Amino acid sequence: MPSPNAVLLLSFVLFSIGAAGVLVRRNVLVMLMSAELMLNAANIVLIAFARHSGTVAGQAFALLVMGFAAAEVAVGLALVVALYRKRDTVNADDLDLLKG
Amino acid sequence: MTPEHAAAQTLIGAASTPWGLLALAALLPAFGALVNGLNGLLFRRRTGTGFTGTTFVNAVALGSVGLAFLIILAGFVKLLGMPAEARSLHADLWTWFDLGGARVNGGLATMTMKWGYKLDPLSACMGLLVSGAGFLIHLFSTGYMADEQKDGRYWRFMTYLNLFVFSMLNLVLGSNMMMMFLGWEGVGLCSYLLIGFYFEKEFAAVAGKKAFVTNRIGDFGFVLGFALLFMLFGSVDFDTMMGLVRGVSAAPSITILGHTASPTFWFNLAGCCLFLGACGKSAQIPLYVWLPDAMAGPTPVSALIHAATMVTSGLYMIARLNFIFVQAPLASDVVLVVGSLTALVAASMGTAQYDIKKVLAYSTVSQLGFMFMGMGAMSYTAGMFHVFTHAFFKAALFLGSGSVIMACHHEQDMRNMGGLRKAMPITFASMGLATLAINGIFPFSGFFSKDEILWKVFERWYHHGAYDGGAFYLMCWLFGVIGAGFTAFYMTRLIVMTFFGDYRGAGDDPHGLTVPSEAHHDDHGAGHGDGHGDDHGHVHAAADHGHDGLGQDDHGRDSHGHGDHGHGPAEVPWNMWLPVAILAGLAVVGGFLNIPHSLHVLGGEHFSRFMEPLLYQAAAPHGGAHAVPAIEYALMVFANVWALGAMALAWWMYKVDPSWSRPKAFVARFPNLFRWVNAKYYVDEFYEAALIGPCKQLSAQLWAFDTWVVDGMVNGAARATLLWAEASAWFDAHVVDGLVNLVAWVLQQASLASKTLQSGRVHNYAFVMFLGFVAFAVWKLLA
Amino acid sequence: MSTMTLLMLAATFLPLAGALALLAVPKENRRAFEVGSVLVMLASFLMSVPFWFQGLAMAKDMDKVQWAWSVDWIPSLGVKFHVGMDGISLILWLLTTFIGPVAAACSWGNIEERFKEYYVWLLVLQTSMLGVFIVQDMFVFYVFWEIMLVPMYFLIGIWGGPQKLYAAIKLFLYTLAGSVLMLVAILAIYFLQHKTNGSYDFSIASFQAMAPVITQQGHTFQILLALAFFIGFAIKVPMFPFHTWLPDAHVQAPTAGSVILAGILLKMGTYGFLRFMLPIVPSATKELMPWLIALSLIGIIYGALVAMIQKDMKKLVAYSSVSHLGLCMLGMFAFNPNAMKGALFQMVNHGISTPGLFLAVSVVYERRHTRMIADYGGLSKTMPVYATIFMILTMSSIGLPGLNGFIGEFAILAGTFQTWPWAAVVATSGIILGAAYMLWMFQRVMFGPINTVNAEMADLSTREILVFAPLIAACFWLGLYPKPLMTLMEAPAAKLVEQVSPGFHDAQRLAEAQAKAAALGMKGMAAPAHQAQGQETPAAPDAPAHGEAPAHGAAPEAGHGVAPAAPEHGGR
């Protein structure tokens with residue numbers, strides 16, 4: 001079994017990739033995928049520490065997050081599809097209706 | 001119910017016998033009207049017989065009235081079989097309404113009105129007259145209204161007639177004044193409907209309205225009299241009032257309505273109010289104007305309503321309430337003077353009319369005046385007796401004139417008639433006899449009734465050999481006598497113009513007497529609409545051709561072409577001449593029912609004796625108590641000579657010279673006199689100018705007042721509020737709202753700076769979040 | 001809560017429930033609204049019928065509020081939802097349920113757009129009017145009173161004639177101004193009540209119980225109070241000179257609006273007078289009496305004269321309402337039991353014949369879209385059934401004996417004649433004018449030559465006949481046998497008179513006893529007159545032998561006893 005440090009490192013790397021993806025990419029679809037990546041990075045940490053501490057609470061929490069993530073993806077993808085139909089684009093820079 | 005009431009009720013109620021059939025008699029015509037009316041409205045057919053046809057309508061209408069007549073006849077026979085003091089039958093149906101206690105003279109009375117009928121000598125005679133004459137006139141109508149049987153509104157006529165008989169029976173058979181008022185208004189309504197039967201003719205509709213409204217003016221008096229009587233007696237039941245009247249009149253003074261006065265004062269007041277009601281219904285001065293116009297209705301209506309029955313209801317009311325009038329000397333004098341004036345004035349108008357029905361209408365007004373003279377002289381049986389004889393001969397005359405009019409193709413102008421004697425012998429004989437009766441020639445019925453009235457009036461002046469009655473009564477008597485002379489003149493003139501000479505309607509008119517007639521060119525039933533009407537026509541003719549009032553102008557004649565009728569007048573069918581003949585027969589012999597005491601060799605005063613229990617005896621009856629004065633015989637002879645003289649004058653003027661040169665000469669000599677009489681002294685015009693016009697003007701002014709002042713204040717308030725609102729709005733927009741907008745403007749300017757931060761791009765926001773997170777992390781790690 | 005109370009509430013709120021149900025129906029479904037609203041109104045009417053019989057069964061107790069039920073609404077203000085009816089409320093409540101189906105059914109022919117809203121508003125209006133008559137709490141009364149205006153406003157404002165907005169706003173604002181004055185009076189009494197006995201109570205009974213206290217207040221206060229009530233209700237009646245909204249509202253309103261306006265809404269004003277002004281401020285009202293009578297008389301004559309000149313049939317009928325209600329007010333202000341009953345009766349009469357006349361006008365309006373008298377003439381020829389019905393309604397309106405109008409007019413005149421003879425004389429002359437203008441209109445519309453346009457008008461359809469049928473039947477029924485209605489109003493009228501003139505009935509009983517004694521004296525029985533005048537002498541020993549025992553024996557205490565009344569009731 002890997003050490004907590006290793007797991008933390010992996011988690012940090014995954015989270016950073018996700019965060020960078022959200023901040024850098026302009027494609028809404030990719031941004032969604034990156035957000036998923038960040039969630040999963042957090043899940044890994046939760047599971048690792050649950051194992052480490054010998055309780056199941058962390059694992060249960062991870063399961064909950066996965067559920068939310070699924071819901072989020074469903075809603076998010078639906079929005080993206082609707083957005084594409086309406087505006088014919090998935091580029092986040094084109095969507096600036098809230099500009100002041 | 002007060003105890004007095006109850007006591008009186010037991011006193012008189014005991015003498016009255018319940019007889020339920022009586023109610024049936026009164027209600028049968030209503031039933032007939034209901035059946036015919038609903039049938040006509042819902043299942044009417046244009047022509048044909050059978051269930052919805054003429055036969056059915058006739059069966060219902062005649063059957064119901066005939067049956068009512070038979071029932072009343074049975075009641076009459078029953079009454080004859082009873083002792084004189086107990087001759088009373090009654091049928092109480094239900095309590096109509098009950099208003100509770102009211103303060104009246106002598107305490108408290110319950111204002112309870114019963115729906116009840118009673119049959120006593122007076123109402124039995126009137127009931128027989130109404131239903132009997134009603135039946136005959138229904139019969140006559142089956143012939144006279146033949147055109148209407150074709151155009152589908154015959155049922156309507158018969159419904160109205162039945163409704164009229166119902167109302168009239170309520171009036172005469174009702175056991176209290178409320179029932180009388182029900183009938184009183186009911187006959188007014190039926191009269192309105194029947195006068196306006198040819199409603200397409202504007203003048204017929206107007207005449208109907210005039211009749212109703214004039215009657216309403218009378219009703220005003222009736223209602224006030226009614227209320228006064230209730231206040232005096234605490235009841236309006238005839239028997240109860242009669243039972244109480246002795247006690248009421250014996251009181252030293254009566255306080256009602258916050259005013260104390262002697263019983264005589266109150267009786268006078270009530271009597272005058274009631275007489276106003278009688279003036280309206282019985283067409284006396286000043287309310288007589290509706291009756292001549294009412295001739296716009298079909299002739300049977302004129303006979304039934306405006307000669308035989310309805311117009312006598314005022315007389316019936318006074319006879320019924322004789323116990324009031326006997327103790328109201330002033331009111332009686334008013335009745336007398338109005339009656340005698342009406343008798344004279346209306347008779348004089350009758351001498352200058354050319355419309356055969358108009359002549360009879362004025363004659364009716366005048367004869368009603370005679371009846372009121374009898375009432376005013378407190379000789380109620382004489383007045384009522386004239387009601388009956390007049391009903392016979394005037395109904396005969398009207399129906400006869402109806403036959404004549406029909407025979408002459410709905411021509412009503414006597415100038416276009418003439419020579420009908422040969423063509424219509426039965427009608428001629430009947431009308432001739434009726435004329436002798438109305439002229440008061442011995443021994444026809446009119447003599448007995450009219451002479452009795454004149455004698456009673458004369459007796460007020462001349463009494464027991466002393467001329468102490470005041471010249472007032474002599475004057476009234478003179479009016480009556482002159483009126484009687486006029487009567488004989490115009491009736492003879494009518495007969496001569498109609499039945500003697502040659503028929504002028506077919507174009508044979510050597511003397512140029514005919515006038516253009518509107519009746520001829522629109523065949524009856526086809527075009528009621530376009531006839532402007534005889535009424536107006538004659539007024540205008542009189543105004544236009546006043547100087548040759550006998551109508552020598554025949555310029556319109558040729559254009560109308562009288563010849564197109566093809567056949568001359570002929571006798572009418574049996575169902576028309578039979579009623580006329582029966583009525584004429586009654587007019588001949590009717591007088592023998594009440595032979596005055598002075599002529600007792602011929603018979604007795606059956607009618608007066610029969611009525612006697614209903615008359616209030618203020619003092620011992622003097623009839624028969626003293627010897628007959630010679631002057632009474634002298635006056636009888638004089639009356640006959642006087643009437644015969646007037647007849648001879650008419651004969652001389654219109655028969656002896658067929659070109660009527662003498663009347664023409666008279667008119668030429670006194671053109672203005674003729675014009676005034678022909679135009680009925682311009683009374684209608686006077687009313688129009690003095691009452692109706694101002695009333696309409698006032699109404700228009702009030703309407704303007706309502707629009708401009710009353711509503712103007714409301715709208716003015718609205719306008720002022722609006723102005724105020726505008727000012728407020730300006731203030732609001734510029735001052736109050738200005739402050740608000742200022743605040744908003746400041747805020748807006750401030751926000752312009754910060755708004756650039758809002759890029760609307762998701763990445764910018766995420767980046768800021770990320771920076772924030774980094775900053776937070778750095779701060780946390782460093783701390 | 002008894003079954004009857006439940007039924008009363010159900011009948012009152014059924015139209016509202018019906019309105020809610022109709023909201024769910026698609027708006028294209030015209031027939032559903034027409035039939036549905038009539039059915040709801042009819043059901044409400046049928047539910048109200050038992051009250052007629054029960055009211056008759058306990059007619060003697062109808063001066064008190066029956067079928068009462070109450071629940072707290074706003075306890076801190078003393079507001080209760082308090083319902084119940086006495087005789088007066090019952091009569092008007094029944095009139096409302098009776099007119100309801102007629103109003104709904106008469107709309108079928110003349111409402112051509114926005115059916116859904118129309119029938120919903122009509123039903124809401126019905127509930128609010130019924131509510132006014134059953135509530136026994138001032139606050140709730142005022143709520144219903146104001147709610148009533150809203151549906152009426154929309155009925156006139158949306159489905160009315162060319163000047164509908166003007167008329168609707170005028171109606172709303174004018175009557176609102178009146179009700180606000182009334183509210184001021186209500187509040188004044190409410191606070192006075194608090195000052196007097198420390199309670200906050202809006203119940204009508206407690207307001208009426210304030211009458212003696214109000215009588216002791218300052219003169220100006222009383223007069224102002226009476227005037228506030230007077231103006232509030234006079235606008236609603238409407239009395240001269242507050243009547244000008246009425247012709248406008250009537251002319252512009254759709255038929256059902258006119259029917260309800262004439263049939264029920266105007267009765268609200270008279271109801272207000274009976275329920276509030278007379279019992280609550282009796283002494284001030286009595287003081288104003290000559291003025292009120294004068295205004296009533298002016299209303300009678302003025303309304304009749306102005307009606308005569310009208311060219312628009314609806315306007316004519318509207319002004320005739322002013323005249324008729326003047327008569328009604330005269331009866332009310334004459335303060336006499338007969339006239340009071342007559343006024344109550346006249347309210348019902350007017351609620352039957354005037355809606356009938358408006359319906360009659362609308363029949364020809366639907367056919368020709370004009371109400372000008374001059375456009376018609378000779379209609380009797382083509383429309384005999386219509387002419388007959390119109391004639392009956394006209395006759396009812398001008399008071400022909402045998403029809404309902406006569407009974408009311410007669411009772412008012414007979415009663416007024418006892419207290420104000422000259423007023424009765426003037427009012428009687430107004431009735432002549434009534435005959436003149438109604439018959440003149442009838443003559444110009446129904447008689448005379450007919451032109452080609454009018455010759456093609458169809459007579460009444462079966463539906464129209466059915467709409468008229470209940471009104472005609474009521475005209476004859478009340479005219480020929482008014483006794484039940486009279487019985488129902490007996491006790492409340494007596495109570496009202498007693499409230500206004502305390503001691504009236506005692507005096508009446510005394511007079512009765514005197515009359516009895518006098519009659520006994522007349523019959524030669526031993527009943528000295530002084531004995532009947534309330535003096536403390538023992539009853540005559542021989543009295544029972546004559547079967548007069550109750551009256552005779554009780555005569556000495558006639559001043560405050562109820563016994564003398566007993567034989568009177570038995571005697572009827």
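The points below take up the chain contact, a surface patch, the charge pairs and one glutamine.

1. The model is predicted, and the remarks here should be read on that basis.

2. Chain A and chain B touch through twelve residues of chain A and eleven residues of chain B. About 980 Å² is buried between the two chains, and carbon and sulfur atoms give 64% of that area. The size of an interface is often given as the accessible area lost when the parts come together.

3. How many salt bridges cross the interface of chain A and chain B? The count there is zero. Polar contact between chain A and chain B comes to four residue pairs, both residues of each being at pLDDT 80 or more.

4. Chain B carries a nonpolar surface patch made of B:F767, B:F770, B:L771, B:F773, B:V774, B:V778 and B:L782, which together have about 670 Å² of accessible area. One of these residues, B:F773, sits in helix α31, residues 762-782 of chain B. B:F773 counts as exposed because its relative accessibility is 51%, and the cut-off for exposed is over 50%.

5. Over all chains the salt bridge count is 19. Side chains of opposite charge can pair when their charged atoms come close. In chain A, the side chains of A:R26 and A:D93 form a salt bridge with an N to O distance of 2.6 Å. This pair joins distant parts of the chain, 67 residues apart: A:R26 is in the loop between α1 (4-24) and α2 (28-53), and A:D93 is in the segment after α3 (57-87). A:R26 is partly exposed, at 33% relative accessibility.

6. In chain C, C:E490 and C:K341 are paired, with their closest N and O atoms 3.3 Å apart. The link again spans distant parts of the chain, from C:E490 in helix α22 (residues 483-500) to C:K341 in helix α15 (residues 337-368), 149 residues apart. Are the two partners buried or exposed? C:K341 is buried, at 2% relative accessibility, whereas C:E490 is partly exposed, at 27%.

7. C:K64 and C:D63 also meet in a salt bridge, at 3.5 Å from N to O. C:K64 is partly exposed, with a relative accessible area of 45%, while C:D63 is buried, at 18%. In chain B, a network of salt bridges links B:K118, B:D120, B:D239 and B:R320.

8. C:Q252 lies in helix α11, residues 245-252 of chain C. Its relative accessible area is 7%, so C:Q252 is buried. Beyond its neighbours within four places in sequence, C:Q252 is in contact with C:I156, C:G160, C:G161, C:P162, C:Q163, C:K164 and C:A167.

Terms used:
Residues are numbered from 1 along each chain as its sequence is written. Chains are lettered from A and ligands numbered from 1 in the order in which they are written. This is a predicted model: local features need pLDDT of at least 70, side-chain atom pairs count only at pLDDT 80 or more; totals for chains, interfaces and linings use all residues. Side-chain values use heavy atoms; hydrogens and water are left out. Patches are made of residues with over 30% relative accessible area and no salt bridge: like charges are joined within 9 Å, nonpolar side chains (Val, Leu, Ile, Met, Phe, Trp, Tyr) within 5 Å. Accessible areas come from the Shrake-Rupley method with a 1.4 Å probe; for residues, only the protein chains shown count as cover. A salt bridge is a side-chain nitrogen of Lys or Arg within 4 Å of a carboxyl oxygen of Asp or Glu. Helices (H or I, at least four residues) and strands (E, at least two) are DSSP runs, numbered from the N terminus. Buried means under 20% relative accessible area, exposed over 50%, partly exposed in between (1.4 Å probe, protein chains only). Contact means heavy atoms within 4.5 Å. Buried area is the accessible area (1.4 Å probe) that two parts lose on being put together, summed over both. A polar contact is a pair of N or O atoms within 3.5 Å; within protein, one must be able to donate a hydrogen and the other to accept it, and residues adjacent in sequence count only if both atoms are side-chain atoms.
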